[in-house]
Amino acid sequence: MKVVVLGCGRSGAALTLMLASRGHEVTVIERSPDALRRLGKKPEAEIVIGNGLDMDVLEKAGVAQCDAFLAMTRGDNTNLMAAQVVKKRFRVSKVMVKVADPVRAEAYREMGLYCINASALIAGLCIDHLVDAPFRPINEYNVLVEELRI
Amino acid sequence: MYVIVVGGGNVGFQLTKRLIARGHEVLLLEKDPRQAVKLSETIGDQYILSGDGCELHVQKLAGFGRADVVVAATGEDEDNLVVSQLAKGKWNVERVVARVNDPEHESVFKDLGIDDTVSATRLIFNLIDQQLETDDVVPVGALHQGHVEVVEAVLSHRSPFVGKAVREISLPTDTFLVWLSRDGTGMTVSGETVFAGGDTVVAMVPVAQAEELRDALTSGT
């Protein structure tokens, strides 16, 4: 599978390394060359230096031909904008977005975007482990807790 | 009218000041607490809310639900997009205006459901571009997101328009002659208005036809 990852922070880099080790063809877009050290000395991924909201950069990374796009920067809004552009303009069917704000994640989930909220996932996993309950399918963790609902 | 402005940089600040002067109910959202304090001291803290305008609970506190207009005026396009999409999608705000910093993003915003964008870069670029093309025709302003030009020209005494009525001359499609000034006196223009040499003519024209209008108004010079 050809995958484009936006952001080479901790989660983007981990994702890139795991995908590459499983034999997928990965291109990572990152604005700061410093961050690429997270990929090790001989990265097995294609690297495009640039801003993921720049259409030229997205094109250069080959989003038009990719099977999946994952927006993993630490900026929720950057991730949300890039993911929507890739989905709408480049017609990529599998698009996933990392969103740190659980309320914003829920709002965009309602608009049809696949948003992952790490804090909800971790909290759910911790609680299940704490009470010795079996782990559940991911979508059951990836929801907004009622208390935060607006 | 209740207007919420998101982003207390220069654009948001100047806009808020003017809206207050017009007598509107205005709230300016600024996410940097220090900048919010500075703004409060300048225009009064009843007009400022310190908080991230991209967060739904801040939006709720600000009263997005009853806003007539939301303006996303931050310096970051991705933030302006999210503010606009939430204002429209979650709060059903009637009118949402987004500032777009990268002109390339105007069409992106449109694709993502935000039609009402303003790009200062585009406006300034259009103005400079027009200024470079000719000095006889002065672009007074660019309207409708830079798609309409307002131009001003002085008719030469040898212009083919001199001595003719407006209805007799042919101008590019959708040109609108707004106003004419003769010997320091201004007048509105009708089909019967007859041009004289030295008249200053003000016209509105779609950008695509601007070149053609410019040529027409300066012929005979």
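**The helix pair and its setting**

Modeller: In this predicted model, chain A has six helices and six strands. Read from the N terminus, its elements follow the order β-α-β-β-α-β-α-β-α-β-α-α. The C-alpha trace of chain A spans about 45 × 30 × 25 Å along its principal axes. For 150 residues, a compact globule would have a radius of gyration near 15 Å, and the 16 Å of chain A agrees with this. Of those 150 residues, 37% count as buried. Among the contacts in chain A with a separation of 6 or more, 45% are between residues 24 or more positions apart.

The contact in question pairs helix H3 of chain A, residues 76-88, with helix H4 of chain B, residues 77-89. Two packed helices are described by the angle between their axes and the distance between the axes. Here the angle is about 75° and the axes are 8 Å apart. H3(A) and H4(B) are therefore roughly perpendicular to each other. From H3(A), the residues Asn77(A), Thr78(A), Leu80(A) and Met81(A) take part, and they meet Glu78(B), Asp79(B), Leu81(B) and Val82(B) in H4(B). By class, this contact of H3(A) with H4(B) comprises four nonpolar, two polar and two charged residues.

Notes. Residues numbered from 1 in each chain as written. Chains lettered and ligands numbered in written order. Predicted model: local features only at pLDDT ≥ 70, side-chain atom pairs only at ≥ 80, totals over all residues. Helix = DSSP H or I, 4+ residues; strand = E, 2+ residues; numbered from the N terminus. Rg over C-alpha atoms; globule rule 2.2 N^0.38 Å. Buried ≥ 20, exposed ≤ 12 C-beta atoms within 10 Å, placed from the backbone. Contact = placed C-beta atoms within 7 Å. Axes fitted to C-alpha atoms, helices over the stretch in contact; angles between N-to-C directions. Parallel < 35°, antiparallel > 145°, perpendicular 65-115°, else oblique. Nonpolar A, V, L, I, M, F, W, Y, C, P; charged D, E, K, R; others polar.
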